[in-house]
Amino acid sequence: MTKTNRRVLLSACGLALGAALLPLAPMARAQTDPARAAAFIQAVGQELVAAINNPALPHAERRRRVADILRQAVDIEGVGRFILGRWWRQATPQEQQEYLRLFEETLIRNLAARFGEYQGVQFQLGRTQQRTEDDVLVNTIITRPGTAPFALDWRVSEVGGQPRIVDVIAEGTSLRLTQRSEYSAVVQRNGGQVSALLAAMRQQIQQLAAREGQS
Amino acid sequence: MSPSPLLVALSLVAVLATGCATRPPAGDPEALAEFRETNDPAEPFNRAMYDVHQGLDRAVLRPVARGYRTVVPQPVRTGVRNVLGNLRSPVILLNDMLQGEPRRAGDTLGRFVINSTLGLGGIFDVAKSHFGVPGHTADFGQTLGRWGVGEGPYLFVPVLGPSNPRDLLGFGAGVAADPFFWVGQGAVVDGLAWGRVGATVVDTREDLLDPLDELERSSLDPYATLRSVYRQRRRAMIELRPGAEAPAGYGTGFGIGTGQDQGR
C-alpha cells in the first residue's frame, strides 16, 4: 500500500546497493563480456533475493549472508576509492584503511536496515549493453509486493579477472556519482579533513544498526 | 506556479547580492575540476535558501502532505495526480513537437484525448491501463537542453527545489504556454487556477514524502546529494534515456520526478 515511487529506490536501495559504485582502481582491466556480466548479475541477484527473502533466518544471519555476497560481488575497494576521489590521496594510510572498512560496513548496513521493506523482492533480467570496452550495463526490473516495478541498472566491470559490480543506476542517477558528491561535500565543509568524514560515517553506521534492531 | 517569476527574480538578485563559493586556486587542478563539475558557484547562498526551504517544509509543506496522505484515500490521490498530469498535456505536447519527436507527440495527443473523455476529465489513466500508452514528460528546460542550451549554475529555490537558470526559464515558459492558465477570467477561474497550484504543491510533496525522508535520514549532506541527483536526472531526461522520466513531471525543482501514478 505504501506508494513507493521509484525515487525511493534511488535514495533507499540506492545508497545501499548503490555504494556498489565504481572500480576506478587504475589496475589493468580486461574486456568485459556482456553475456558473462548478465549471468553474473543473474547469479548475484538470485543469491541476494534468497538471503533477503528468508524470514526463517535471524536478522543477523541474513545480514552476514548478504555481507558475504556483497564482498564477493562488489568492487568495494575500487568503488570506495572512486567515491573518495581526490581526498583519497590526502588521507593518511590509516585513514584510507579505516575509510574502506567503514565504506563496506555502510554498504552492508544500508541494505540490512531495509530487509523488512524488501520482503518478497523479485527481479528480472532485462537487456545488456556494452557501454565501453571494459564496462557493461545490465538492466533489471525489480518488483516488490504492493509497489510499482522499477528499473535498476548494474554497471559491471572485470576487476582482477572477475566480473564485479561497480555502479548502480536508478532513474538516470548513478549512485557512485551521487555518493561522491555527498562525501566530498562533507570533507570540504570540514576544512578538507577526511577524519571528519570518517566520524560522520561512524555515526551513520550506528544509526543504521539501531534501525536494524527495530525492524 | 505563478509565483515562479517572482522567485526567479528574487533568487537572481540574491545571488548577485551574496557571496559566492570560493574558487580554488589554479595551482590545484583537481579541486578546480571538482569546482567546475559541482557547478555551484553560489553555494553559500543556495545552502541558505535550502535552510529556508527546510524550515518552511518542516513547518508547513511536509505536515500538509502527511495530512493529505492520511485523510485522502489512495484512489482519490491517484485521480488527483492523473488530473494534474492530464492538464499538463498541452505543454508536454508542445515540447514533444519542439523537440522533433512526432511519436512522443502522438502519444501525448492520444493520451490527452482518451483520458479527457473516456478517463472522465483525466481522473483515470485509461490510455495507460487500457491502451498501453504510458505517459511521459517534456518541458521547456529539457527542450532548451536538447537544443544545446547549457544549464548554467546550480540554484536552489525554496518551495520549488533544485534548479538552474535554464530550467527556471523553462518553468516560466511552461506556465506562460499553458492554455489552462489563460482560459477565462473572474473569481471562479482564478480560484480554479490557484486551486491547481495548491493541489500541485501538495501532490508533489506527498509523492516525495518517502524519498525525502529517506534522503534526510541516510545522506551525510542532503543538500549535496539532492544537487547531484537533480543534475544527473536532468541530464538523463535531456538525453531521453529510458527510465529517467516520470509521466508528467514539472521540469524543475522537486517536481521533475513526480506526476506518475502511484504504485499499486
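Reader: In strand 2 of chain A, which residue is the bridge partner of A:Gln130?
Author: The bridge partner of A:Gln130 is A:Val136. Please bear in mind that this is a predicted model.

Reader: How many bridges join strand 1 of chain A to strand 2 of chain A?
Author: Eight bridges join strand 1 (residues 122-132) to strand 2 (residues 135-143) of chain A, and the two strands run antiparallel. The hairpin that joins these strands passes through two residues.

Reader: And how do strand 2 and strand 3 of chain A pair, parallel or antiparallel?
Author: Strand 2 of chain A pairs with strand 3 (residues 150-159) of chain A in the antiparallel sense, over seven bridges. Within this pairing, A:Asn139 has A:Asp153 in strand 3 as its bridge partner.

Reader: Which residue in that hairpin takes a positive phi?
Author: A:Gly146 does, with a phi near 80 degrees; the hairpin has six residues between strand 2 and strand 3 of chain A.

Reader: Turning to the core, which residues touch the most other members?
Author: In the largest nonpolar core, of 69 residues, they are A:Ile41, A:Val66 and A:Val156. Helix 2 (residues 34-52) of chain A gives the largest share of this core, eight residues.

Reader: What does A:Ile41 touch, leaving aside residues up to four places away in sequence?
Author: A:Ile41 touches A:Leu125, A:Val138, A:Thr140, A:Trp154 and A:Val156.

Reader: A change of topic: what is the secondary structure of chain B?
Author: Chain B has 13 helices and two strands. Of its 264 residues, 44% are buried.

Methods: Residues are numbered from 1 along each chain as its sequence is written. Chains are lettered from A and ligands numbered from 1 in the order in which they are written. This is a predicted model: local features need pLDDT of at least 70, side-chain atom pairs count only at pLDDT 80 or more; totals for chains, interfaces and linings use all residues. Helices (H or I, at least four residues) and strands (E, at least two) are DSSP runs, numbered from the N terminus. A residue is buried if 20 or more other C-beta atoms lie within 10 Å of its own, exposed if 12 or fewer, and partly exposed in between; C-beta atoms are placed from the backbone. A nonpolar core is a set of buried Ala, Val, Leu, Ile, Met, Phe, Trp, Tyr and Cys residues joined through C-beta atoms within 7 Å. Two residues are in contact if their C-beta atoms, placed from the backbone, lie within 7 Å. Two strands pair if DSSP finds at least two bridges between them.
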